[in-house]
Amino acid sequence: GLVLDSSDGRRWITLGDLLNQSDPQAAMQAYLQGCQNGDPGFNACGRAASVAERLGLYAEAIEYYRLSSYKPFREKADILEATLTPRP
């Protein structure tokens, strides 16, 4: 299916779901493709961010959360960034 229509965000999300437990890096990339191809249901960006966060890739997680059109994900980016920013 992805070979026929690589811009189908839902298929990228499905692929990410299939890869999530066995290969989180590949899952993150699949979710990111879904994010960049319409982000169906506003959850591909958040899923990519969640995997990045789980892998300790906090800068990427913040970036991916901010790509989302879903306000709670953008707010999560702010919270994550605030927890990582040293206080003077």
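## Surface and charges

The chain exposes about 5,300 Å², and carbon and sulfur atoms supply 53% of that area (areas come from the Shrake-Rupley method with a 1.4 Å probe; for residues, only the protein chains shown count as cover). This is a predicted model, in which local features need pLDDT of at least 70 and side-chain atom pairs count only at pLDDT 80 or more, while totals for chains, interfaces and linings use all residues. Residues are numbered from 1 along each chain as its sequence is written, and side-chain values use heavy atoms, leaving out hydrogens and water.

Now for the charges: the mean positions of the 9 positive and 11 negative ones are 6 Å apart. Lys and Arg count as positive, Asp and Glu as negative, and His and the chain ends are not counted. Each charge is placed at NZ of Lys, CZ of Arg, CG of Asp or CD of Glu.

## Overall build

The C-alpha atoms fill a box of roughly 50 × 25 × 15 Å along the principal axes.

Of the 88 residues, 32% are buried (under 20% relative accessible area; exposed means over 50%, partly exposed in between, with a 1.4 Å probe and protein chains only).

## A look at threonine 83

Threonine 83 sits in helix α5, which covers residues 71–84. Threonine 83 is exposed, with a relative accessible area of 57%. The side chain of threonine 83 reaches the backbone oxygen of leucine 80 at 2.7 Å.

Technical notes:
Helix = DSSP H or I, 4+ residues; strand = E, 2+ residues; numbered from the N terminus. Polar contact = N/O pair within 3.5 Å; in protein donor to acceptor, adjacent residues only side chain to side chain.
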